[in-house]
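Please open the structure in the viewer and keep a selection panel at hand.

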Amino acid sequence: RRYQNTNTLMAATRWKKLPIGRGFYELQLRRWFQYFPREQFLILKSEELDSDRERTMARVFEFLGIPNHIARKHKKKIHQRSYSFTPKDDVYDFLYDFYRPYNQRLAQLLGPEWKDVWENPRVAKSIQ
């Protein structure tokens with residue numbers, strides 16, 4: 001089967017032209033993986049770039065097979081954006097719920113190390 005759930009594909013199709021549609025990474029990567037082997041992709045978490053830029057960039061340059069001396073030159077953030085407002089918790093909760101089925105399939109697609117990456121941290125904290 002091309003996609004596990006036709007209803008999911010139809011829902012994604014309805015949303016794809018809106019900003020929220022950019023978050024359907026599972027569907028996007030499945031299309032790429034049809035044409036290119038998984039080994040040709042380096043999938044990173046943006047948090048890794050924020051928390052350890054030099055190490056993450058070294059991984060990128062190693063993956064690309066180019067010298068990593070470039071990574072040492074660019075330790076500061078190149079693209080930074082500030083937002084004019086911070087969404088309320090219920091907006092974050094909506095987004096976690098909305099993307100949950102796609103993110104669960106994305107984790108299956110990428111491997112076990114991605115299993116709980118997109119869980120709602122507010123929910124996880126309340127369970128502990």
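A nonpolar core is a set of buried Ala, Val, Leu, Ile, Met, Phe, Trp, Tyr and Cys residues joined through side-chain atoms within 4.5 Å; buried means under 20% relative accessible area, exposed over 50%, and partly exposed in between, computed with a 1.4 Å probe on protein chains only. The model is predicted, so local features need pLDDT of at least 70 and side-chain atom pairs count only at pLDDT 80 or more, whereas totals for chains, interfaces and linings use all residues. Residues are numbered from 1 along each chain as its sequence is written, and side-chain values use heavy atoms, with hydrogens and water left out.

**First selection: the largest core**

Select Leu 29, Phe 33, Phe 41, Leu 106, Ala 107, Leu 110 and Trp 114; these seven residues form the largest nonpolar core. The elements that contribute two or more residues to this core are α2 and α6, and α6 gives the most, with three residues. Helices are DSSP runs of H or I with at least four residues, numbered from the N terminus.

Next, centre the view on Phe 33. Leaving aside residues up to four places away in sequence, Phe 33 touches Arg 38, Phe 41, Leu 109 and Leu 110, where contact means heavy atoms within 4.5 Å.

In soluble globular proteins, nonpolar side chains tend to be buried together.

The structure holds six salt bridges, each defined as a side-chain nitrogen of Lys or Arg within 4 Å of a carboxyl oxygen of Asp or Glu.

Select Glu 26 and Arg 105, whose side chains meet in a salt bridge at 3.5 Å, N to O. This pair links distant parts of the chain, 79 residues apart: Glu 26 belongs to helix α2 (residues 25-35) and Arg 105 to helix α6 (residues 89-110). Glu 26 is buried, with a relative accessible area of 2%, and Arg 105 is also buried, at 10%.

Move to Lys 45 and Glu 48, a salt bridge in which the closest N and O atoms are 4.0 Å apart. Glu 48 is partly exposed, at a relative accessible area of 24%; Lys 45 is likewise partly exposed, at 24%.

Then select Lys 115 and Asp 116: are these residues buried or exposed? Both are exposed, and their side chains meet in a salt bridge at 3.5 Å, N to O.

Finally, display Glu 26, Arg 30 and Arg 105 together; salt bridges that share partners join them into one network.
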